[in-house]
Amino acid sequence: MRRNIEEFTSDKSPGCILFLYSLVLSASVFKLKEEMLITNETTYKLLSDREECNQALYSLIITGHACHYMHNGNLVYSSNGNLLDDVEPEELATPLKGIQERSQIGFLYWDKGENDDSRTEVGSMLKTPKKPIWLTLINNQPGLLFSTNIDLVSDWRVETRFILNYYTGLPGMPACPLHIETRFGRNALGRTKLHRRQQEENIPQLERCIMTKWYGAAVDWPDILPFY
């Protein structure tokens, strides 16, 4: 890709499709079928029918492995649906393969349509990558969060106050710096459950996504109105 970067970035180039082909061929088709558990009975895809990225493709981009799940390691369930810590050889078990190690960049996810009790789990392997860069998926809208301070993912003291930059590439949504403060956190929510729910509903979706990594963080949008 580095030697032929113009083929990916020129105006008339099908750069995204070329990038997808590069990912698939680098990983090998056989390996992808194995990781995605593709058989004659299954029809898993990297792209949906609406040409949107499926979770396996996001995992392939970030980690090099096409995992359907974002939790740490493997979760193993028995044939009757019970979560198992230790699997006996004679036990029929189905492993849900997740992320096995920290990757160079991370992933944060938020979907306002999910219930609080059954939200998609993103493990610490993706929330704490080796570099302070996170691919985000907020209500099916991809974006990018990143910090220029490399110590953000290695020194907890840096996490008390820092700046994240958010970028989507969409018209009318410019790249913007977000000031994050975690030491004191957000202002106290209302006393009643109804009031707290109303306040939570008014929190921008991007901030909700950030709080999946830094719970209770206060987010300041300097010189710009929250647009997402």
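**View 1. Tilted pair of Y58 and F107.** The structure holds 4 aromatic pairs (ring centres of Phe, Tyr or Trp, the last by its six-membered ring, within 6.5 Å; planes under 30 degrees apart are stacked, over 60 edge-to-face, the rest tilted). The ring centres of Y58 and F107 lie 5.7 Å apart with 40 degrees between the planes, so this pair is tilted. Y58 belongs to helix 4 (residues 55-63) and F107 to strand 4 (residues 106-110), 49 residues apart; helices (H or I, at least four residues) and strands (E, at least two) are DSSP runs numbered from the N terminus. Y58 is buried at 6% relative accessibility, and F107 is buried at 0% (buried: under 20% relative accessible area, 1.4 Å probe, protein chains only). Ring pairs join Y58, F107 and Y109 into a cluster.

**View 2. Edge-to-face pair of W134 and W214.** The centres are 5.4 Å apart and the planes make an angle of 75 degrees. Because W134 lies in strand 5 (residues 133-138) and W214 in the loop between helix 7 (205-211) and strand 9 (218-220), the pair ties together parts 80 residues apart in sequence. W134 is buried at 0% relative accessible area, and W214 is buried at 5%.

**View 3. R119 over the face of W110.** R119 is placed 3.9 Å from the ring centre of W110. A charge sits over a ring if NZ of Lys or CZ of Arg is within 6 Å of the ring centre and within 35 degrees of the ring normal.

**Notes.** Residues are numbered from 1 along each chain as its sequence is written, and side-chain values use heavy atoms, without hydrogens and water. In this predicted model, local features need pLDDT of at least 70 and side-chain atom pairs count only at pLDDT 80 or more, whereas totals for chains, interfaces and linings use all residues.

Notes
Buried means under 20% relative accessible area, exposed over 50%, partly exposed in between (1.4 Å probe, protein chains only).
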